[in-house]
Structure formats: C-alpha cells, structure tokens
Amino acid sequence: MSLQDDLTAVRRNLNELVRSVERLEQDVARQSPAAAPKPAGPATGMVSVPDTPYDQSKWTDTDDEGLGVRDRRAP
C-alpha cells in the first residue's frame, strides 16, 4: 500500500468513527432517565482482617514468588 492509500483508509475509518459516535449520542439522548441504569453505590460492608497469624500449614510446599522454592538458593 502506498502512503496515499493508507491516508485514504485512515480518513474513511475516522469518518465511520465520527458517524458511530453521533449515532451513539442520539441513542443516549433518546433514552428516558427512568430507563438509564442507576450508578453503583459505594461498596457496602467492611471485611475485617484478623490480627492472628495464618495457619502455617497453608503455606506448605509453596514457592516464594520470584525467589523460587523455600530452603533453596534463588536463581
């Protein structure tokens, strides 16, 4: 493709994008406020994290991320 062909394709795509955005704006303007979805409110409830240590058996045979296997040299 030549540079002129590339520019023509970009112009065509840009024009199509502009038309699509205009159609989208018209669709949004036609919607009634009652049909519009309500914005999500803030997250409800809090999650408490206990201060007690985790059960060490959960970490048996796990790798330290980026460091390799426990009790072995890092690469």
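Predicted model: local features only at pLDDT ≥ 70, side-chain atom pairs only at ≥ 80, totals over all residues.
Reader: What makes the contact between Glu16 and Arg19 a salt bridge?

Author: The side chains of Glu16 and Arg19 approach to 2.9 Å, N to O, and because a salt bridge requires a side-chain nitrogen of Lys or Arg within 4 Å of a carboxyl oxygen of Asp or Glu, the pair qualifies. As for their placement, Glu16 and Arg19 are three residues apart in helix H1, so about one helical turn separates them.

Reader: Why is Glu16 said to be linked in a network with Arg19 and Arg23?

Author: Glu16 also forms a salt bridge with Arg23, where the closest N and O atoms are 3.6 Å apart, a distance that again falls within the 4 Å cut-off. Glu16 therefore takes part in a bridge to Arg19 as well as in the one to Arg23, and Glu16, Arg19 and Arg23 are accordingly described as a network of salt bridges.

Reader: How do you know whether Glu16, Arg19 and Arg23 are buried, partly exposed or exposed?

Author: Buried means under 20% relative accessible area and exposed means over 50%, with partly exposed in between. Glu16 has 35% relative accessibility and is therefore partly exposed; Arg19, at 40%, is likewise partly exposed, and Arg23, with a relative accessible area of 43%, also counts as partly exposed.

Reader: Why can Val21 belong to a nonpolar surface patch?

Author: Val21, which is found in helix H1 (residues 3-30), has 37% relative accessibility and so counts as partly exposed. Patches are made of residues with over 30% relative accessible area and no salt bridge, and Val is among the nonpolar side chains considered, so the value for Val21 passes that threshold. The patch, of about 330 Å², is made by Val21 together with Leu14, Leu17 and Val18.

Conventions
Residues numbered from 1 in each chain as written. Heavy atoms only, no water. Patch = residues over 30% accessible without salt bridge, like charges linked within 9 Å, V, L, I, M, F, W, Y side chains within 5 Å. Areas by Shrake-Rupley, 256 points an atom, 1.4 Å probe, with all protein chains shown as cover. Helix = DSSP H or I, 4+ residues; strand = E, 2+ residues; numbered from the N terminus. Buried < 20%, exposed > 50% of the residue type's maximum accessible area, 1.4 Å probe, protein only.
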